[in-house]
Amino acid sequence: MGEKRFRVTRAPEESNSSAAASAGVEGGTVGQGPGVRTYGATDEEGGGASDGGVASDQQPFVSGDGTPASGYDANLYLYSEEMEDRPRVSTLLNSLANYSNTIPAPTDPDAQSAGGKAPPPTGGARMGTLIGVYLPCIQNIFGVILFIRLTWVVGTAGAIQGFLIVLTCCCVTMLTAISMSAIATNGVVPAGGSYFMISRSLGPEFGGAVGMLFYTGTTLAAAMYIVGAVEIVITYMAPSLSIFGDFTKDANIMYNNFRVYGTGLLLVMATIVFVGVKFVNKFATVALACVLLSIVAVYAGIFVNFHGNDKLFMCVLGKRLLKDIAVDNCTKEVGSPLYGIFCTNTSSTGAPLGCDPYFETNNVSIVRGIKGLASGVFLDNIADSMLEDGQFIARSKDPEEIERLERPPYNQIYADITTTFTILIGIFFPSVTGIMAGSNRSGDLADAQRSIPVGTICAILTTSTVYLSSVLLFAGTVDNLLLRDKFGQSIGGKLVVANIAWPNQWVILIGSFLSTLGAGLQSLTGAPRLLQAIARDGIIPFLAPFAVSSKRGEPTRALILTVAICQCGILLGNVDYLAPLLSMFFLMCYGFVNLACALQTLLRTPNWRPRFKYYHWSLSFIGLTLCIAVMFMTSWYYALLAMGMAGCIYKYIEYRGAEKEWGDGIRGLALSAARYSLLRLEEGPPHTKNWRPQILILAKTTSINNAPAPKHRRVFSFASQLKAGKGLTVCVSVLEGDIVREGQSAERHAARQMLRRTMEEERVKGFVDVLVARSIPDGICHLVQTTGLGGMKPNTVILGWPHAWRNAAEGEHHGERTWRVFLDTVRAVAAARMALLVPKGINSFPESNEKVTGNIDVWWIVHDGGLLMLLPFLLRQHRTWKNCKMRIFTVAQMEDNSIQMKKDLRTFLYHLRIEAEVEVVEMMDSDISAYTYERTLMMEQRNQMLRELRLNKKESLGVVQSLVDFNEVPAEEKLPLVQAIVDHHHNADVKTATKVRFQEPGRNGSGGDKESGGDAQQESNLESSPTFKSPSSQDGSGEYKDGDEGALPLGCIKKESGGSDEEGDNSELVTSEKKSPRAITPDEGNVRRMHTAVKLNEVIVNKSQNAQLVILNLPGPPKGNLVERESNYMEFLEVLTEGLDRVLMVRGGGREVITIYS
């Protein structure tokens, strides 16, 4: 038989079709390739989906007609049967151009940002950090409180307490921003912003409650902005517009004006929002410019008036501040306006019948209002001046100075509200809200994971600096009495901040009015869309009518409800009443953000991988504590109102039709909670974000000192490291036998105790069970199907590698039985849609008390749900693997753009929040090597021997034993035959005796091999074994050369002539040929699969030989139950992982387990 040549080439039509498929993929239309549609594509992105275009976690990764893609034809043919379910990595990466897999982005045509701007088309130009986050946050944080209340807060609380009030509020928002940054960077935040972040982190119950709180707070904020805008106009710009008389005489007149004009302004603003959202967006830019200009004007005015100015003077009686008195009339002379107010003239002579005692005993003085930083007035403003409702504003806290003592107030200015430190916090807190403006625009950001943390935190730092510096500058510039004059009545109804500013007070008046209007329009635009988003989620049924949009796509119904709630806030008529109320809702919302971050961190959910690293659960708890403390300090009844509203919504969502069960004592409560939780988990499969490996360990037992013991204890250590003490772990074992047989129950009990003890020693938290079955495969199949309860069923199986699968001659087909059990288990796990982990070399895995450093290498060949990405992250949570770095390798074929693949993979990992080195390995050579061919021949020769073994056990057993009988050969020849080829292939140090078995008959050393009949028989069998030619002796094409004696395949032994010894050898050869298997022509598919295993093994060994752990895809088991195919599959896996100490082969369960979304 002549020398056989074998080379795999690609047909022209296949190349063309693969090129077309590649072009379709790179063009972003994966669904238009030949029979390939990548998992996760929607109608717009993937050429249509059978389910209406919305991908879900339960859909197959790839659907198509099963036409093999060109990527499998050459170097990845071993994975060709995976084509229908698992795409190549290059195909997946190309399909992720828009990164929309796993969770479809909201398809709501009305899903708009808080500013009302519709999200731009996917892939279009998007906003950066400055425009998209920083400036919107600045605009929303700087609000009406800054202009009309901050000076009053500073004067009332004093410089020290005022600084603490501002600092406390800023700390709440900063801690919340840190937590929000962690949540926002834990994946891609879909359009929907803060509500989507919180609801998707805490679940529908908390999400619905927080969403409604956020909506209510935003709506009341609109009411506060409207009342503030009216206050600026009526009080400071046009007092003549008052329709109820002189409001300086009675505060109720002023508040009634606010109610009437506020209602009218609300209707105008609601009409603008309903008719022209574009106007709102354009006006937002004007409002932002006004805010920034006003703040610059205030700072400029403070330094321009460094030595004070003579624009503002106040009239002071004794220590009390007076109003409605011009500076020229600030005198006690008889007949002066001031004299006429405090004294009563009724006699004919004009003599006073009586004057106010305080007026008689105190003199009047004229005091400069703006004293300047150089005056040292800061020292007068350090202490607080808290008052109760009705007390006079005076320089002293002496009761004689501040109490009315049953006298009329005349024109003395008095407090219209009781002030304390906590009440002032509630009034000021709305001025620091607005930190979520950037997250509300997440759908419009080019890189939300970077922009939201940076922009939000920088905006908070900027606004906090302005606020804190303003407290100190106001205290050092303005007289204490003027600071405490809330409405500027002592200076003729002027705004204090406006008279500090440079060059003119109208800069502040107009700027604050326009900015307040802009903030109100933003709230009226964002609140209805937030309500509509909550209604469309379907978690609060009675909100269903508000999910409807108008023909123009506007949430008209939600806008009507928003206007109604806003009108209720306007009817309060006072910013000082509105501010604490809406503070409650924002504080509740911020508290839930901190709670979400803390719980995610402490629970160590696998999906919790924030890219923002400067967070800690303790900071989140401090933020939560501050939120609750500020709520109750500000107003305990408002706090209870907000919490009661949240609780009612939570219970409404949670307990729709749910029944409660109360037991006795702690055990009854625990039973009730466990039952309720299991029933909740039973409602459906977990979301991708909540997926975590619930492990089922299939432990093999052995007998040590007549006692059962686990064969591989390191499997338990590995499971403990993978779980890091979290989640469910169930360890099971199967005993072959009959449960009714005497003694079997005791053996089962002993095995259970052994497994329990082992789990405790390895610190694995979980359950154990032992099943007695008539056959091991049946028992394993039953365990895979039935283990677990309800939603607490394992989803990941750890199965040990059968190291003895080659020992077919041991016992009664022990090796064959080993691989059959292994393959039956793989098929059962796949059928149950569970993930499978196969650690090879488990005895070399580290124990839990060890620490390893180095690399964890992931070889991502095909995408089967992302489990390969998740496992290294979970392992690195354990201290054993904590110091290891992650490296990801993937394979590029000839039609792939390796540079683009590397870029796409890095982007994908960035969105997954996984830090890893990325390398794309190019496998361009598709030629079959001589080594591959020889290895395939050896594999098929072994299959033939096993076949004869089953047909004629006794006769064939001798042949097999003569081939692998290690007891009759020297010690240096105790390597298996195939292993010798592998050693030669990897240029290992092979002993001379090992090389002899591959030499031609009659060559050196042949004469010394005939010392006995047994040796002659051994030699004759070795002579009939395959010859070997290493890849280095091939020509450039990878083919065998003509006349190359070292490259003769099995059964093609070349006969030589020349000597008697050679004649004898030839006669022995004839005898050997009669006993040896017939010549075999290898199957082309097997050669190509072996080629995949060999080529990948070469690359993996070259790159990852020194890695602490190699994780790679486990090829799918062969279809059918042909023994030859099963044996071949085991050989392929053996070749694929040869030369590697620690290998973890992974096969996903058919669903996504990792997501790029938050």
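Predicted model: local features only at pLDDT ≥ 70, side-chain atom pairs only at ≥ 80, totals over all residues.
Helices here are DSSP runs of H or I with at least four residues, numbered from the N terminus. The largest nonpolar core has 173 residues, and the aromatic pairs number 20.

**Nonpolar cores**

- Within the largest nonpolar core, which holds 173 residues, those with the most contacts inside it are Met-224, Phe-428, Met-436, Tyr-467 and Ile-508.
- Helix H7, spanning residues 193-237, gives the most to this core, contributing 24 residues.

**Crossing of H6 and H13**

- Helix H6 (residues 150-184) and helix H13 (residues 421-428) have axes that come within 9 Å and cross at roughly 80°; since angles of 65 to 115 degrees count as roughly perpendicular, H6 and H13 are therefore roughly perpendicular to each other.
- On the H6 side the contact is made by Leu-150, Trp-152, Val-153, Thr-156, Ala-157, Gln-161, Leu-164, Ile-165, Val-166 and Cys-169, which meet Phe-421, Leu-424, Ile-425, Ile-427 and Phe-428 of H13.
- By residue class, the contact of H6 with H13 divides into 13 nonpolar and 2 polar residues, with no charged residues.

**Aromatic pairs**

- The model has 20 aromatic pairs, and one of them joins Trp-617 and Phe-621, whose ring centres are 5.8 Å apart and whose planes lie at 85°, so the pair is edge-to-face.
- Trp-617 and Phe-621 both lie in helix H21 (residues 617-634), and because they are 4 residues apart there, about one helical turn separates them.
- Trp-617 is partly exposed, with a relative accessible area of 35%, and Phe-621 is also partly exposed, with a relative accessible area of 30%.
- Tyr-637 and Tyr-638 form an edge-to-face aromatic pair, with 5.1 Å from centre to centre and 65° between the planes.
- Phe-214, Phe-429, Phe-586 and Tyr-590 are linked by ring pairs into a cluster.

**Surroundings of Ile-178**

- Ile-178 is placed in helix H6 and, because its relative accessibility is 14%, counts as buried.
- When neighbours within four places in sequence are left aside, Ile-178 is in contact with Phe-612, Tyr-614 and Tyr-615.
- Although Ile-178 and Tyr-614 are 436 residues apart in sequence, their C-alpha atoms are 7.5 Å apart in space.

Conventions:
Residues numbered from 1 in each chain as written. Heavy atoms only, no water. Core = buried A, V, L, I, M, F, W, Y, C linked by side-chain atoms within 4.5 Å. Buried < 20%, exposed > 50% of the residue type's maximum accessible area, 1.4 Å probe, protein only. Helix = DSSP H or I, 4+ residues; strand = E, 2+ residues; numbered from the N terminus. Axes fitted to C-alpha atoms, helices over the stretch in contact; angles between N-to-C directions. Parallel < 35°, antiparallel > 145°, perpendicular 65-115°, else oblique. Contact = heavy atoms within 4.5 Å. Nonpolar A, V, L, I, M, F, W, Y, C, P; charged D, E, K, R; others polar. Phe/Tyr/Trp six-rings, centres within 6.5 Å; stacked < 30°, edge-to-face > 60°.
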